2 protein chains.
Amino acid sequence: MNTATDQAQLRSLLDSWVKANLAKDLEGIIAHYTADVLAFDAILQLQFKGREAYQAHWQKCLEMCAGPSTFEVRELQLETSGELGFGHFLAHCAGTDAEGKTQGCWLRVSQGYRKQQGAWLIAHEHFSVPFDPQSGTALFGLEP
Amino acid sequence: MNTATDQAQLRSLLDSWVKANLAKDLEGIIAHYTADVLAFDAILQLQFKGREAYQAHWQKCLEMCAGPSTFEVRELQLETSGELGFGHFLAHCAGTDAEGKTQGCWLRVSQGYRKQQGAWLIAHEHFSVPFDPQSGTALFGLEP
C-alpha cells in the first residue's frame, strides 16, 4: 500500500514546508499546496478555498507573529496509495509578537496529499486547537 | 484515480455513520472506525488513540446532548486511490441539552479512510471549530 519512495517524498515535502514556515517565506510555503487546496485553519474562518485565498490568510498569520518562531512536528503518521496520501501530526507552534510577547501551543494537523506530475502537494489541510465545551475557550495548555 | 464504486461505498459509509450519530447509537458509530483510529476531536483533548479511547469520548459527547440532535453534512469532497481515501466537509451540529437548551454550530471535518477486507473504515478523523486569536474563544457563529 505504501511505497518507501512515496513516504520519503512526503517527508521531504513536509521538511521543506516546515523550513518555509520557520523562514516566514510566504511564496515558499504556498508552493507546497495544490491550486485547488481546501484548507481549514485554526483561526478566523471556517475554510479557505484555493491557493490564492489561503495565501492571503497565511500572510495575515505571518504578520501576527513578526518575531522568531518555532514549529515542532511530533507523532507524524503518513499513508499513501498510488497518487494519494493522508497524514496527521501534532505541531508545537510558538512565536513572538510585535510587543515581544512569546506565545505557543500544541495544534493538531491533518493533511491530504496528491501527486501531480510526479510531485507531491498538499491538497487539503486542517489545523486546530480543541476547545473547552463549558467555557467555549481554546485549550492552549494541553500537552501530548 | 477515483473509482465510482469506491466513491459510492464511501458515501454509503458516511450516510450510515451520520444515521448512527443521529440515533445516538454508540456501538453503531464506533463500528465505522478502524481499531487503530487516531482522532482529533473538537473538544477536551488533543487526541484519542484507538477505537476504545475514542468510544469513551463519544459516549461523553452523546451524554452532553441528551435531547434530539441534528447533523447536516455540506460541501463533501472525497478522493480515493486503491485502498486509501480522504475526505472533508462542513457539518452543522445542533443538540438539546438536559435543561432543554438548544445549541448548534458549523464544524469542519476531515477524515482518512482505509479499505480493510473489502470494507471502507475511518482511520483518521479531525473535528474542529476555529477560534478568534484575540479572545481565544471558539467562533460558533460562522456560516459557510
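In what order do the 6 strands of the open sheet in chain B lie? The legends below take that up and then move on to other views. This is a predicted model, in which local features need pLDDT of at least 70 and side-chain atom pairs count only at pLDDT 80 or more, while totals for chains, interfaces and linings use all residues. Residues are numbered from 1 along each chain as its sequence is written, and chains are lettered from A and ligands numbered from 1 in the order in which they are written.

**View 1. The open sheet of chain B has mixed pairing.**
Its order is β2-β1-β6-β5-β4-β3. The edge strands, β2 and β3 (69-81) of chain B, each pair on one side only. Helices here (H or I, at least four residues) and strands (E, at least two) are DSSP runs, numbered from the N terminus, and two strands pair if DSSP finds at least two bridges between them. Further inside the view, look for β5 (residues 102-116) and β6 (residues 119-128) of chain B, which run antiparallel and are joined by 9 bridges. One pair to pick out is B:Tyr113 with its bridge partner B:Ile122 in β6(B). As a reminder, strands of a sheet pair through backbone hydrogen bonds, either parallel or antiparallel.

**View 2. Helix α3 of chain B has a buried side and an exposed side.**
B:Tyr54, B:Trp58 and B:Cys61 are buried (20 or more other C-beta atoms within 10 Å of the residue's own; exposed means 12 or fewer, partly exposed in between, with C-beta atoms placed from the backbone). These three cover an arc of only 60° around the axis, which puts them on the same side of α3(B); the arc is that of the directions from the helix axis to the C-beta atoms. On the other side, B:Glu52, B:Ala56 and B:Glu63 are exposed. The buried residues of α3(B) pack against α2 (26-30), β1 (33-40) and β2 (48-49) of chain B, where a contact means C-beta atoms, placed from the backbone, within 7 Å.

**View 3. B:Pro68 sits in the loop between α3 and β3 of chain B.**
This proline is exposed, with 11 other C-beta atoms within 10 Å. B:Pro68 is 28 residues from B:Thr96 in sequence, yet the two are 5.9 Å apart in space, C-alpha to C-alpha.

**View 4. Strands β3 and β4 of chain A form a hairpin.**
The two strands run antiparallel and are joined by 11 bridges. Across the pair, A:Phe71 stands opposite A:Cys93 in β4(A). The hairpin has 2 residues between the strands, and A:Gly82 takes a positive phi near 60°.

**View 5. Chain A has 3 helices and 6 strands.**
Along the sequence, chain A follows the pattern α-α-β-β-α-β-β-β-β. Its C-alpha atoms fill a box of roughly 45 × 30 × 25 Å, taken along the principal axes. Buried residues make up 33% of the 144 residues in chain A.

Definitions and conventions: Contact = placed C-beta atoms within 7 Å.
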